[in-house]
Amino acid sequence: MPEALILEFTGLGEADYAAVNSHLGIDMQAGTGDWPPGILSHAGGTGDDGTFIVVEVWSSRAEQGAFMQSRLGPALAAAGVTSVPRIRWVPLLTYHLPGA
């Protein structure tokens with residue numbers, strides 16, 4: 001079963017998010033680009049408290065780990081993101097994309 005990943009960043013904003021995604025070659029507005037293998041869904045936005053939150057569903061933690069090592073870590077560094085996120089993994093009991 002897939003697992004959800006929740007990343008909570010303090011001090012990260014929309015411009016930082018856009019810069020990271022530009023380095024990754026992903027257009028978040030269109031949903032197009034060089035998405036990593038194993039990612040099933042991705043959402044990002046700013047919470048009421050100003051924390052930038054990314055929620056993803058992955059086929060496996062190993063696929064996310066490979067993406068972090070090979071592409072996401074370097075993209076975060078290239079965009080100047082130094083904030084270390086709070087990371088939460090949630091083993092899912094179910095995962096559906098209604099209407100998809």
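Colleague: What do E4 and E5 form, and which residue in the turn has a positive phi?

Modeller: E4 and E5 form a hairpin with five residues between them, and Gly50 in the turn has a positive phi of about 90°. Strands (E, at least two residues) and helices (H or I, at least four) are DSSP runs, numbered from the N terminus. This is a predicted model, in which local features need pLDDT of at least 70, side-chain atom pairs count only at pLDDT 80 or more, and totals for chains, interfaces and linings use all residues. Residues are numbered from 1 along each chain as its sequence is written, and side-chain values use heavy atoms, with hydrogens and water left out.

Colleague: What makes E4 and E5 a pair?

Modeller: Two strands pair if DSSP finds at least two bridges between them; E4 and E5 have seven, in the antiparallel sense. Ile39 stands opposite Trp58 in E5.

Colleague: Why are E4 and E6 called edge strands?

Modeller: Strand E4 (39-46) and strand E6 (86-91) each pair on one side only. The open sheet has four strands in the order E4-E5-E1-E6, with antiparallel pairing. Strand E1 (residues 3-9) pairs with E6 over six bridges, and Leu5 stands opposite Trp89 in E6.

Colleague: Why are H1 and H2 called oblique?

Modeller: The axes of helix H1 (residues 14-24) and helix H2 (residues 61-78) come within 8 Å and cross at roughly 130°. Axes are lines fitted to C-alpha atoms, for helices over the stretch in contact, and angles run from 0 to 180 degrees between N-to-C directions. Angles under 35 degrees count as roughly parallel, over 145 as roughly antiparallel, 65 to 115 as roughly perpendicular and the rest as oblique. H1 and H2 are therefore oblique to each other.

Colleague: Which residues of H1 meet H2?

Modeller: Val20, His23 and Leu24 in H1 meet residues of H2 including Phe67, Arg71 and Leu72, where contact means heavy atoms within 4.5 Å.

Colleague: Why is the pair of Tyr17 and Phe52 called tilted?

Modeller: Rings of Phe, Tyr and Trp (its six-membered ring) pair if their centres lie within 6.5 Å; planes under 30 degrees apart count as stacked, over 60 as edge-to-face and the rest as tilted. Tyr17 and Phe52 are 4.9 Å apart centre to centre with 45° between the planes, hence tilted.
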